[in-house]
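Student: I am new to this structure. Can we go through it by question and answer?

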Amino acid sequence: MSLANLLGTKPNTMRGMGFMLLSACCVSVMGGMVRHVSVDVHVFVIAFFRTLFGLLVFAPVFVRNGFAPLHTKQLGMHVLRGGLNSTALLLMFFAFSVTPLAKVMALRFTGPLFATILALIVLHEVIRARRITALVIGFAGALVILRPGIEAFDSGAVAVLGAAFVWAAVTIVVKMLTRTDSNVTITIYAAVFTIPISLAAAIPFWQTPTLEQFMWLFALGAIGSISHWSRAQAARDADVTAIMPMDFTVLIWAALVGYFAFGQVPDVWVWVGAFMIFASICYITYRERATKSRKNTTPPPPAGSAS
């Protein structure tokens with residue numbers, strides 16, 4: 001009997017869960033690599049090479065399709081997305097270099113909470129009392145991790161929250177772009193515009209990496225691209241409610257990488273706060289899915305009736 005049959009899930013769902021598990025592992029390893037390389041190379045330089053090597057992954061797309069994937073009617077939105085993407089990337093890499101990995105990953109979960117608020121403001125989506133309560137619990141979880149007034153000020157933690165907010169804005173922009181552009185077009189333009197912006201940020205701190213550092217940077221870029229691809233594949237293979245629990249394992253992977261590579265031991269409040277944030281995200285996701293399901297199954301009004 002297969003594992004899928006044993007768990008009562010479809011093979012595609014199991015595959016999606018596996019891809020999300022791989023993505024979570026890769027992003028934690030990438031964070032550890034950023035921290036390791038940042039001892040000798042400035043994080044802004046690391047961010048530039050991460051983006052540059054990430055774009056190389058799409059070289060086969062250009063070889064096969066030429067420049068067709070670059071066709072778009074929303075160039076301005078792509079520029080905005082590139083600017084936001086660069087800001088979030090720089091903030092997150094700075095956080096990796098100064099803050100314990102598990103703490104960074106725990107606060108990273110606030111992204112969907114910010115996205116829910118921005119969707120309410122920008123896209124005029126409606127949320128009701130139960131989802132508002134979940135949002136409050138989620139942000140309370142962030143406060144549990146930060147413990148302002150008790151813990152010393154952590155610039156890296158603030159940077160993670162800033163990155164989470166900016167990535168939430170990226171989510172809204174991407175939603176708008178998907179109305180006219182393909183995922184390939186959106187992803188390629190994200191790299192195309194992030195490269196010069198991250199380079200501009202890196203130039204004041206520029207130092208040419210050594211051969212060994214280049215090897216680390218190339219591996220970092222490859223693992224980052226694998227993480228993005230695996231996450232997209234997971235979303236394609238399985239329902240988001242099935243793969244989200246696998247995303248929570250990023251905290252476990254980060255704790256393992258942090259402990260064995262840097263001797264970091266996350267305190268209990270990081271785990272408590274992360275659970276609060278993740279539980280609220282799961283509930284919000286479930287409610288959104290249930291709402292959409294009801295809308296899709298509601299029969300249309302009879303012909304001639306008032307709408």
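Student: What pattern does the chain follow when read along the sequence?

Tutor: This is a predicted model. Its secondary structure comes to 14 helices and zero strands. Read along the sequence, the pattern is therefore written with helix symbols alone: α-α-α-α-α-α-α-α-α-α-α-α-α-α.

Student: How much of the chain is made up of buried residues?

Tutor: Buried means a relative accessible area under 20%. Of the 307 residues in the chain, the share that falls in this class is 46%.

Student: Which residues touch the most other members of the largest nonpolar core?

Tutor: In soluble globular proteins, nonpolar side chains tend to be buried together. Here the largest nonpolar core has 56 residues. Ile46, one of those with the most contacts to other members, is in contact with residues including Val34, Phe93 and Leu217. The residues asked for are Ile46, Phe93, Phe96 and Leu251.

Student: Is Ser225 buried or exposed?

Tutor: Ser225 is found in helix H11, residues 211-237. Leaving aside neighbours within four places in sequence, Ser225 is in contact with Arg50, Gly54 and Val57. The C-alpha atoms of Ser225 and Val57 are separated by 7.5 Å, although the two are 168 residues apart along the chain. Ser225 has 14% relative accessibility, so it counts as buried.

Student: How far does helix H13 reach from its first C-alpha to its last?

Tutor: H13 covers residues 249-262 and has 14 residues. At 1.5 Å a residue, 20 Å is expected, and the reach in the model is close to that. The value is 19 Å.

Student: Where in the chain are the partners Lys103 and Asp154?

Tutor: The side chains of Lys103 and Asp154 meet in a salt bridge of 3.1 Å, N to O. The pair links distant parts of the chain, 51 residues apart. Both residues are buried. Lys103 is in helix H6, and Asp154 is in the loop between helix H8 and helix H9.

Student: Which parts does the salt bridge of Asp247 with Arg231 tie together?

Tutor: The closest N and O atoms of Asp247 and Arg231 are 3.2 Å apart. Asp247 counts as buried at 9% relative accessibility, whereas Arg231 is partly exposed at 34%. The two are 16 residues apart in sequence, so the pair ties together helix H12 and helix H11.

How values were computed:
Residues numbered from 1 in each chain as written. Predicted model: local features only at pLDDT ≥ 70, side-chain atom pairs only at ≥ 80, totals over all residues. Heavy atoms only, no water. Helix = DSSP H or I, 4+ residues; strand = E, 2+ residues; numbered from the N terminus. Buried < 20%, exposed > 50% of the residue type's maximum accessible area, 1.4 Å probe, protein only. Contact = heavy atoms within 4.5 Å. Core = buried A, V, L, I, M, F, W, Y, C linked by side-chain atoms within 4.5 Å. Expected span 1.5 Å × (residues − 1). Salt bridge = Lys/Arg side-chain N within 4 Å of Asp/Glu carboxyl O.
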